[in-house]
Amino acid sequence: MTAFSRFTPLAASLPATVPFVGPEAIERQRGLTVRARIGANESGFGPAPSVLSTIAEKSGEIWKYNDPENHALKNALAAHLHLRPENFVIGEGIDDLLGLIVRLVIEPGMPVVTSLGAYPTFNFHVNGFGGRLVTAPYRDDREDLDALLALVRQEDAPLVYFANPDNPMGSWWDAGSIVAFARALPSTTLLVLDEAYSETAPEGSIPAADALIDLPNVIRTRTFSKAYGLAGARVGYGIGTPGTVSAFDKIRNHFGMPRLSTEAALAALRDQDYLSEIVGRIRATRDRIAAIARANSLEPLPSATNFVAIDAGRDGVYARAIVDGLMEHGVFIRMPGVAPLNRCIRVSTGLPADIDLFEEALPKVLKALG
């Protein structure tokens, strides 16, 4: 296959890859139909009815570009979290913001610290800008703060990534430990504190909105893709000092946010009663997934997210066989990609009918595997 001959050496050296294989691609490749989409940590519960009404009401304005300054959403977030509008940057999901962060900080060859097996899209961006990944293994199925800090100091790393709660294991740290970790970092190391699952986290695990707002070397990233049910709208935001946040204006896609996505996010923020209802349904569904796992002699891990990691008790080959076997029944789930985390499968919460299919298919798959 012939390609253009003058890509940069870095681009030419990289594989053409997608960090996640989507359920649509699996359907195309394997000729199967997804009946239960409980693998991508979306919210099968969907957005609030008030959000859908807003999208319908505002759809006639789709001919307009979005406000490139994202004024309304920044002000709404500031009011919601009791911060200032200039503490926020808006992006097309956290994935977009991660790419911008890496671009702002990393030049080819620079070390970037993260956990081995953590969110692969961050690694994708690091590789794409020529960074050198330096990883610390998980300890007891959660990210190892001491090891990450030691690597930062050892490598004099300008960037470190940490998610709380964690994907793919669903584990978490208490807020005090997070704040201590952030304040122990060198001022020359930018911390990406990924809080995509902050809405589903237990009390005491998420630092207060203003707990780290004085640190210019901290960016906290959040999203409307999970509990708010707007994964397809691609709305993420970062929280930081005004000076650090303003740096995004140097490189971001100023007209990148879709107008209807912004309207949906504004409506979602207004409907906190619905968010509370969904968080309760997520917790109840996590309990049901855990019970199904135990009924099949598998061990669910404690979770602070909208998914449950389940220890399948063997290795990555066996866990992959379960994932593939469930897909044969139309049940789409995923698994961590790095040992020893890949001994687990990962099941997202979803509607009762989705979990019914998982409950029906899992014992059949395990029996066939023996």
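Arg234 counts as partly exposed, since its relative accessibility is 30%; the label covers values between buried (under 20% relative accessible area) and exposed (over 50%), worked out with a 1.4 Å probe and protein chains only. The residue is found in the loop between β7 (218-223) and β8 (236-239), where helices (H or I, at least four residues) and strands (E, at least two) are DSSP runs numbered from the N terminus. Its backbone deserves a look too: phi of Arg234 is near 60°, a positive value in a residue other than glycine.

A word on what you're looking at: this is a predicted model, in which local features need pLDDT of at least 70 and side-chain atom pairs count only at pLDDT 80 or more, while totals for chains, interfaces and linings use all residues. Residues are numbered from 1 along each chain as its sequence is written, and side-chain values use heavy atoms, with hydrogens and water left out.

One joins Asn164 and Pro165, with omega at about -5°, and Pro165 has its place in the loop between β5 (159-163) and α8 (175-184). Another cis bond joins Ala339 and Pro340, with omega at about 0°. Pro340 sits in the loop between β11 (331-332) and β12 (344-348).

**The chain as a whole**

Zooming out, the chain has 13 helices and twelve strands. How does the radius of gyration agree with that of a compact globule? For 370 residues, such a globule would come out near 21 Å, and the chain has 21 Å, so the two agree. The radius is taken over C-alpha atoms, and the globule rule is 2.2 Å times the number of residues to the power 0.38. Along the principal axes, the C-alpha atoms fill a box of roughly 55 × 55 × 50 Å.

Of the 370 residues, 55% count as buried. If you look at contacts (heavy atoms within 4.5 Å) between residues at least 6 apart in sequence, 74% of them join residues at least 24 apart. The chain exposes about 16,300 Å², and carbon and sulfur atoms supply 54% of that; the areas come from the Shrake-Rupley method with a 1.4 Å probe, and for residues only the protein chains shown count as cover.

On the charge side, there are 35 positive and 42 negative side chains, and the centres of the two sets lie 3 Å apart. Lys and Arg are the positives and Asp and Glu the negatives, with His and the chain ends not counted. Each charge is placed at NZ of Lys, CZ of Arg, CG of Asp or CD of Glu.

**Salt bridges**

The structure holds 19 salt bridges, each one a side-chain nitrogen of Lys or Arg within 4 Å of a carboxyl oxygen of Asp or Glu. Here are some of them:

| Pair | N to O distance |
|---|---|
| Arg30 and Glu328 | 2.6 Å |
| Arg132 and Glu155 | 3.0 Å |
| Asp144 and Arg139 | 3.6 Å |

Take the salt bridge between Arg30 and Glu328. This pair links distant parts of the chain, with Arg30 in helix α2 (residues 23-30) and Glu328 in helix α12 (residues 316-328), 298 residues apart. Arg30 is partly exposed, at 33% relative accessibility.

In the bridge between Asp144 and Arg139, Asp144 is buried, with a relative accessible area of 9%, whereas Arg139 is partly exposed at 42%. Elsewhere, salt bridges that share partners join Arg30, Arg320, Asp324 and Glu328 into one network.

**A buried asparagine**

Last stop: Asn70, in the loop between α3 (49-58) and α4 (71-81). Is this residue buried or exposed? At 4% relative accessibility, Asn70 counts as buried. Leaving aside residues up to four places away in sequence, Asn70 touches Ile90, Arg252 and Met257.
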